[in-house]
Amino acid sequence: MSTHALIDDIVRTFKAEGRIVIVGASLTGLRAAEALRDEGFTGSLTIIGDEAHEPYDRPPLSKQVLKGWVPAGNTKLPRLRAVDADWRLGVAATGLDRDNREVLLANGEKVPYDRLLIATGVRSRAWFNPEEATLDGLYTLRTSEDAAKIQEAFRARPKRVLIVGAGFIGSEMASVCRDLGLDVTVAERSSAPLVGPLGGVIGDIAAKMQRDAGVDLRTGVAVEALKGDADGHVRQAQLSDGTLLDVDVVVASLGSVRNIEWLEGAELASGFWGVACDAGCRAFDVNGVVTDNIFVAGDVARAPHVLYEYQFMAIEHVDAAVLGARTAAHNMVNLEKGRRPHLPLPQFWSGQFGVNIKGVGVCSFGDEIVFTQGSVEDLRFAAAFGKNGRIVGALTFNHGKWLEYYARLIEQSAPFPPPPPGYDQPTNAEVMSARFGDPRAPTGIPDVVLTGHDPTSRGAEFRARAR
Ligand SMILES: Cc1cc2nc3c(=O)[nH]c(=O)nc-3n(C[C@H](O)[C@H](O)[C@H](O)COP(=O)(O)OP(=O)(O)OC[C@H]3O[C@@H](n4cnc5c(N)ncnc54)[C@H](O)[C@@H]3O)c2cc1C
């Protein structure tokens with residue numbers, strides 16, 4: 001056999017054969033499995049998921065499900081093709097043995113792999129006080145079980161709901177409460193809702209939207225403690241400004257925590273940021289060296305993005321998860337020359353208080369904002385975010401049909417402020433500070449340090465941050 005024929009044979013075998021294991025049986029896991037079969041992989045495929053359900057869609061959980069329009073168990077993801085996989089649902093992966101190429105399961109089994117996809121996503125950040133966390137009436141929202149419980153709690157018509165945290169999910173839940181005619185208080189530590197992803201200028205608009213809809217919005221306050229009655233049901237919340245609120249349902253919407261604990265000891269670049277990988281979805285090891293047989297995609301992944309100064313970004317949105325799944329699958333069955341990059345232009349959407357919010361790019365990468373179309377007063381506008389004279393993100397309120405226009409500008413790193421799109425121009429097109437939080441604020445995250453003096457024995461290690 002000639003060398004060329006031999007190489008072709010290796011490439012063909014690599015594409016079709018072997019054992020692929022996917023850990024995480026949700027959107028990313030399912031779409032990756034489908035893409036692997038589309039790519040021609042005919043080997044053994046195992047999908048491990050700790051939830052007992054088949055993959056389901058999470059966005060409706062904070063919208064249609066809480067409104068009571070759709071039962072929580074009815075958001076199953078459509079199957080785009082048959083995947084012929086061994087589904088191991090209801091069992092968690094608890095470890096990764098890279099020496100023996102095995103995934104360890106909670107039931108003691110070991111699942112061997114040749115190539116592995118990590119797609120374990122994120123979970124809701126738990127209430128910070130473990131004793132209070134056991135109170136009845138306190139919820140978080142990530143899974144369909146969570147949504148079913150909150151749906152039931154809302155249906156019981158509580159006197160007052162408290163939402164702690166006004167990010168996208170917290171704000172959507174507050175909106176649902178008002179749609180259902182429930183009294184709701186939102187407590188947000190920063191100056192307004194949505195400041196983290198969209199900055200203070202948009203936050204002020206979101207705050208007005210909430211107040212106009214009858215939300216009791218309290219900003220610049222933290223919830224310091226929850227108090228229960230004799231039956232262990234939450235009844236009061238103590239705010240940092242001294243207020244004691246009477247509440248009977250509390251939903252903590254405090255952001256997400258990446259599901260990486262099962263990778264402890266596997267010497268991958270995994271931590272509170274997720275699992276770091278290259279733009280081809282290949283995981284980095286703890287030293288930042290790329291692995292060849294471990295891939296990562298979806299909410300748990302963090303990869304460098306060319307449009308954003310090659311910064312490592314975790315993009316927790318549906319579109320990025322689907323594209324990442326497909327790119328990872330493609331690269332898992334192709335050798336170096338056939339591999340392609342995962343370069344999503346992040347897109348997100350939200351529905352709240354009757355407003356359809358859509359975004360593209362990474363707004364929080366920018367430091368300036370300009371309204372480019374429409375009217376803020378009418379809640380129908382487009383705004384662009386810029387950094388160093390380039391457009392990096394755009395946002396629309398009830399103006400989504402223009403998103404593509406801005407997406408093209410962002411892809412081309414077009415100048416900021418962008419050229420006026422022709423008509424419907426706002427009265428005030430002044431460039432302003434977008435008012436994001438101060439990135440220099442200290443955090444409690446661990447430091448990574450280099451160990452070893454000899455250049456050939458140097459390695460990275462995590463250390464708790466010195467106080
Ligand atoms: C309420 C809500 C509303 C949302 N709304 C929007 C929206 O409007 N627009 C949008 O773009 N995005 C939205 N999102 C985000 C979107 O749902 C996520 O981007 C998407 O679910 C990511 O898919 P994933 O498969 O990467 O992660 P996940 O969906 O988190 O799935 C990871 C899976 O892995 C499992 N797992 C974790 N650890 C282990 C382990 N050790 N062993 C086995 N299995 C494990 C998890 O239980 C989970 O089933 C929303 C999310 C939520 C929760």
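1. Helix axes are lines fitted to C-alpha atoms over the stretch in contact, with angles running from 0 to 180 degrees between N-to-C directions; helices (H or I, at least four residues) and strands (E, at least two) are DSSP runs numbered from the N terminus. This is a predicted model, in which local features need pLDDT of at least 70. Residues are numbered from 1 along each chain as its sequence is written.

2. The axes of helix α2 (residues 27–38) and helix α7 (residues 318–332) come within 8 Å and cross at roughly 40°. The two helices are therefore oblique to each other, given that angles under 35 degrees count as roughly parallel, over 145 as roughly antiparallel, 65 to 115 as roughly perpendicular and the rest as oblique.

3. In the contact between these helices (heavy atoms within 4.5 Å), the α2 residues include Leu27, Arg31 and Leu36, and those of α7 include Val318, Arg326 and Met332.

4. An open sheet is formed by five strands in the order β9-β16-β10-β11-β12, with parallel pairing, where strands pair if DSSP finds at least two bridges between them. Its edge strands, β9 (138–139) and β12 (216–219), each pair on one side only. Strand β11 (residues 184–188) is joined to β12 by four bridges, and Thr185 stands opposite Asp216 in β12.

5. Strand β25 (residues 355–361) is mostly covered, with five of its seven residues buried (under 20% relative accessible area, with a 1.4 Å probe and protein chains only). Strand β24 (residues 347–352) pairs with β25 in the antiparallel sense over six bridges, and Trp349 stands opposite Lys358 in β25. In the hairpin of β24 and β25, which has two residues between the strands, Phe353 takes a positive phi near 50°.

Key
This is a predicted model: local features need pLDDT of at least 70, side-chain atom pairs count only at pLDDT 80 or more; totals for chains, interfaces and linings use all residues. Side-chain values use heavy atoms; hydrogens and water are left out. Buried means under 20% relative accessible area, exposed over 50%, partly exposed in between (1.4 Å probe, protein chains only).
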